[in-house]
Amino acid sequence: MPAKQRHGGLPEHLILAVLLVGFALLCQQQGWLWRWDHNIYDAQLRFWSRSAPDNIVIVAIDEDSLAQFGRWPWTRQIHAQLLRKLSGEQPRAIGFDVIFAEPDLRDLEGDRQLAQAIRNNRRVALPVVMEQPRLGATPLEILPLPALANAAAALGHVHVELDPDGIARSLYLHEGLGSPHWPHLSLALLQIAGELPAASTPVTAGTQSTASMMRWARAQPLLIPFAGPPGHFNQVSYAQVMQGNYAADTFRDKYVLIGATAAGLGDALPTPVSGFSHSMTGVEINANILDALIRDISIIPLPRGWQLALTGLLALLPMLMFPYLAPRTNLLAMLSLLVATLVLTAVLLITLHSWFRPSAALLAITLSYPLWSWRRLEQALRYLTQELDQLKNQTAELTIAPSPSLERDLDFLQHILPVRGWSLIGRDGQPAAGHGAIPGTPPATVPPGRWTGTTDGLWTTVNRQGETCLLYTSPSPRDL
């Protein structure tokens, strides 16, 4: 069978390669397989866990704290007392994941005390949130109360991105109305501590056009490398801190994040590491982001050009390998390419902190084997059909048409053998056919298959149309 079946001068396996590469690139470009990509990313991220850092502590507004201080929201005098206790522990920076956007009309003194405690601490970051009153309306920046905002050492947004499946996997380091001028709260804490990463310098206003001043702008996207499942970070109950019930140096020189962990109280979101039935609270998500920035392990998606180039190369490999492999090894080669693609994705994620979406390449590799097998079967069937047709033609050419009768055969033999004539004698003793010489009296016995000679000729027995007859031949005179 020919190794290559050509169509228009191009080998068939190269045609299949072009089709597979084009299909894979289209899937990658359009993002049709995003759900598969997310599932692979989540699975690999769950295997890439790390120990909880010692330099980040969460002060949790949990069920025990609600039982002690009553239903939420609490008076801000309580938060002022907490800050005064933490200030004595000399933390590196304190981040509030609690919105203080409106004054407490029932306790204005509490607002004043909280502002004073923030000012005295000088290492507190407060959150900024985006609010959209209704669908399609202009978004609004919700800042803390002016007195609190002016007293804070830094402000930062606390938004994370939700993918189409509702899972939080990424964020933008800078966001804001009109221009991305607000750093994330984790960056604000690093800025307070003087440890701002060089790759996360603030984006200044003025980089956006006037036409975008009414839009929420974002910059510097990254995927969140979660350290572990919910509850992974060190936590101390808000009530314990207020009671002084914690070990010495629990907060000294640490990043302290204050936020709600009680069920139904905070902004809990599903994450790749939180499982199907659990969510991760906003303060824990911020702790993961802060830890990732401190360790400099933020995950960046591969640029689009590299995504397409790597996808095309992986989709091309099967059709370059199959023509040179035995059919029994093609399936093993395809499975090996699938495993190698997943390993490559994991290596890029863990070592280079780069995310490659592999689903388009995996689908192309998976389709390559049945497509190649189908075309090989088509070629085999086409080859066998051609061979059978050729054999049939050769058989027809070599076949000699059978003689229509014994008499014609004998006439033909008379021309090539030295005989003067022949005769067929039936059972009744009468000549049934003949030519030339007239037979004499036959011998008494004529054995079948042997010639018996007489004075005037040769006799034998033959079968003529199912009847046994005597055949007589008369040799030429020179042979007598």
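Tutor: A pocket is an open set of grid points with protein on both sides within 12 Å along at least five of seven lines. Keep that in mind for this predicted model: its largest pocket holds about 820 Å³ of space.

Student: What makes a residue part of the lining of the largest pocket?

Tutor: A lining residue needs an atom within 4 Å of a pocket point. The largest pocket has 32 such residues, with W72, P73, V98, I99 and F100 nearest its centre. Helix α9 gives the largest share, 3 residues.

Student: Okay, now R92 and E195. Why is that pair called a salt bridge?

Tutor: The rule asks for a side-chain nitrogen of Lys or Arg within 4 Å of a carboxyl oxygen of Asp or Glu. R92 sits in the loop between α4 and β4 and E195 in the loop between α7 and β11, so the bridge ties together parts 103 residues apart in sequence.

Student: What makes D253 a partner of R92?

Tutor: Their side chains also meet in a salt bridge, at 2.8 Å from N to O. D253 lies in the loop between α8 and β13, 161 residues from R92. With a relative accessible area of 42%, D253 is partly exposed.

Key: Residues numbered from 1 in each chain as written. Predicted model: local features only at pLDDT ≥ 70, side-chain atom pairs only at ≥ 80, totals over all residues. Heavy atoms only, no water. 1 Å grid on protein atoms, 1.4 Å probe; cavity = no way out; pocket = protein on both sides within 12 Å on 5 of 7 lines; lining within 4 Å. Points joined across faces, edges and corners; volume = space filled by probe spheres on them. Helix = DSSP H or I, 4+ residues; strand = E, 2+ residues; numbered from the N terminus. Buried < 20%, exposed > 50% of the residue type's maximum accessible area, 1.4 Å probe, protein only.
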